[in-house]
Amino acid sequence: MEAPSASFPPVDGLRPVALPPESLHPALWRASQVGRSAGRTLATGFAALDAELPGGGWPAGVLTELLLAQPGVGEWRLLAPALAALQQGQGGGALSLPRGVLLFEPPAQPGAWALSALGLELRQIVVIEGRPPTAPGRGRPALPGSDMLWALEQTLSSGQAGAVLAWLPARLRGDALRRLQLAAQAHPGPVFLFRELAARLKPSAAPLRLQLGADGPDTLRLQVLKRRGPPSAAPLQLALSPVLTAAQRARAGRPRAVVGAEPATATPAAGMPA
Amino acid sequence: MWWLALHLPQLSLEAFSATLAPAQRAGPVALLDAHRIAAVNGAAAERGIRPGFKRATALALAGELLIGQADAARDGQALQAVAHTALAFTPMVVPEGGQAVLLEAQGSLRYFGGPQQLCRRLRDALAPLGHRLRLAGAPTAAGAALLAQWGAAPLDGDPAWGPHSTDLGQLRRLLDGAPVAFLGPAGHEHAAALQGMGLHTLAELRALPRAGLARRFGATLLDTLDRARGDCPDPRQPIVPAPAFDSRLELHARADSTVQVLDGAAVLLARLVAWAQAQQARVGGFTLRMEHERSARPDHAGPPHTELTVELAEPSADPAHLQLLLRERLARCELAAPTLDLRLHCHHLVKRAAPNGELFPSRQGEQEGLTRLLERLRARLGDARVQSLQTQADHRPERAHRLQPVAQLPVSAPAPSLTPPAPALPPAHPALPLHRPAWLLTAPEPLAVRGETPLLDGRPLQLLGGPERIEAGWWDAGGLAMRDYFVAQAADGALVWVFCTRLTTPSGWYLQGRFA
């Protein structure tokens, strides 16, 4: 509250009133605070993460980008609590969200037993695969992923799906993302886009961007790259639902390679225009 | 009795134009019947082409004139679609001649809120078929047909609402001024002779002695006059929709691309929906058959026709939805040869009451929306690409789950979920550790080995959990798996699932999945 009163000196004896910006407009927030999401949010199931996200959870109706070097760092265990809550009709307040969870072009086969052990209801999961790249496209040479982007846009603008998880092709053009962001406004639930780590350096229309990485067994390192609010300094360490027993975890060594790679991944420039 | 007559003055021209591309439709179009121009559209009329001209005269006036052949069968199918649509308003629907449909709507007047309201709704219902309409209402069927055909100045000043009367006396006064040429087929036939005798209106005709008129022009003329004036009974037989739908459309120009096919198919789909709605049914699936042009060269004999079957997960009577599905399906399909002729056949009709509309968002409505969305995705991407995930009872990880094309997501049935319903948020940590990885590789990836340690991406894996021995599948040919599974930590800290084959040569390490 110091900075605003310094920049607006008192005029004619009127004291500047430190109005909470939310009272002026729900979409306003101070740069120094974590923003409140105007739309609905879905609790992540991780208290530490909820505290870092504007609105206290995964935002609905906007894109959320998750950047990871390769699949398998713990993304399912990160999202599972929120998705399970959504499928049981507990997400998002009085009116429940649609419950379908749609996966677009997952990088590998989702393991059915693991997902149901994580609390997801398999019957509400739909996997949508794109055309194989080697398809004999005699008629028209389709752009890579153009079908998928079409399907994704249709899904988002229809507003019938609960949560959407999409693994986007590499080197996606920026206008495609903006289109998706526009379409997502009609979507009632959260939209998670998984992208390669290199996309970190490119601007994106998604208002929330997170970088995920493994940090030892059953631990996820999560760095908030972009959010409505101040840049977050330290990466979060989230304890995921365990695969290993405590004894096994004790045996696990600190990840060796990550120690060396730490400066490169853990301190992305805080002021970077994400 | 209150009859409503729909007169379609341009029916045969509109039935022909439906097969044309929009650009052609805008230009001058004429129909030829027995070497004379039978009907012209607006653009042709502007050039001065009139019905009755010879072909050469018309072409001299407009060189780019598109001339089609009149086809009574095509007109009949178009008129039938109009009659089917009208069945939504009253069961008593009678096609009259080749250009009109009569509805006995006395019983429906109160329900639809009066004649004017009924006519407005009828126009809206008929709009997708794209015909120009003239409406008239009268207490007698023949009278209504005559008034609609005549199309005299509207009485109430509402141009959408033609001449009409609800009272027999008023109708008789109105009919007295009507031209004799509109008095049914007989009047049309003898129009020139009557004209020559100085008989222009029905009043003049009626003033003549009946016996003489009957001798001169036959009994039909007087009979029609009597029925129009309500002097003698006029029983009619209502139309009954055919039990199966099969409609054909000959394209004017051969269609080389699926886009052109879609233009024609839209007409057929509108007819299909009209037919289905006449029976209070919804369409569950239809087949579009495209007859191809015969290749002149025998060595290039392609298939004589292509059939495209569209199955709906949820039966629908919404032409826009059906057209959307067909468009996506057509976009995927490649024409083997130019198409000349379209045929739409409905093989799956669902005669069940349509589900109620929902006032508030509900699980049912939401599920329906998702089903429709998936249907659209399936139409574009292919049925096999939209899949649902299922567990299977097998120990081998590659067979423990199955992706199969999604037919229909279950509607909020009591779900026998594997997890007990959690009180609030399900805990981020289930009680038991995860045994299976969330990502499974389609085919196990062989790993390099240094000494005894498997390597992933050139870095050693640290085995933390296991071994878990899986030996199963001796009953499947080639499916025998003898493996020891380990949970291992990769160099970056992520956990992976690897196995070591047993008792096989060469034995080796493989990556099976990742604990995402």
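Over all chains, the structure holds 28 salt bridges, a salt bridge being a side-chain nitrogen of Lys or Arg within 4 Å of a carboxyl oxygen of Asp or Glu. The model is predicted, and local features need pLDDT of at least 70, side-chain atom pairs count only at pLDDT 80 or more, and totals for chains, interfaces and linings use all residues. Residues are numbered from 1 along each chain as its sequence is written, chains are lettered from A in the order in which they are written, and side-chain values use heavy atoms, with hydrogens and water left out.

| Salt bridge | N to O distance |
|---|---|
| E65(A) and R195(A) | 3.2 Å |
| E129(A) and R385(B) | 3.3 Å |
| R289(B) and E291(B) | 3.0 Å |

The pair E65(A) and R195(A) links distant parts of the chain, 130 residues apart, from strand β3 (residues 63–68) to strand β8 (residues 191–196) of chain A. Strands (E, at least two residues) and helices (H or I, at least four) are DSSP runs, numbered from the N terminus. E65(A) is buried at 0% relative accessibility, and R195(A) is buried at 4%; buried means under 20% relative accessible area, exposed over 50%, and partly exposed in between, with a 1.4 Å probe and protein chains only.

The pair E129(A) and R385(B) crosses between chains, and each partner lies in a loop. E129(A) is partly exposed at 26%, as is R385(B) at 22%. In chain B, R289(B) is partly exposed at 26% and E291(B) at 21%. Salt bridges with shared partners also join E96(B), D223(B), R227(B), D234(B) and R236(B) into one network.

The largest pocket holds about 880 Å³ of space. A pocket is an open set of points on a 1 Å grid over the protein atoms alone, with protein on both sides within 12 Å along at least five of seven lines, and lining residues have an atom within 4 Å of a point. Grid points are joined across faces, edges and corners, and a volume is the space filled by probe spheres set on the points. The lining of this pocket has 30 residues, of which H7(B), G97(B), G98(B), Q99(B) and Q149(B) lie nearest its centre.

Elsewhere, L120(A) occupies the loop between α5 and β6 (125–128) of chain A and is buried, with a relative accessible area of 4%. Its C-alpha atom is separated by 8.4 Å from that of P81(A), 39 residues apart along the chain.

Technical notes: 1 Å grid on protein atoms, 1.4 Å probe; cavity = no way out; pocket = protein on both sides within 12 Å on 5 of 7 lines; lining within 4 Å.
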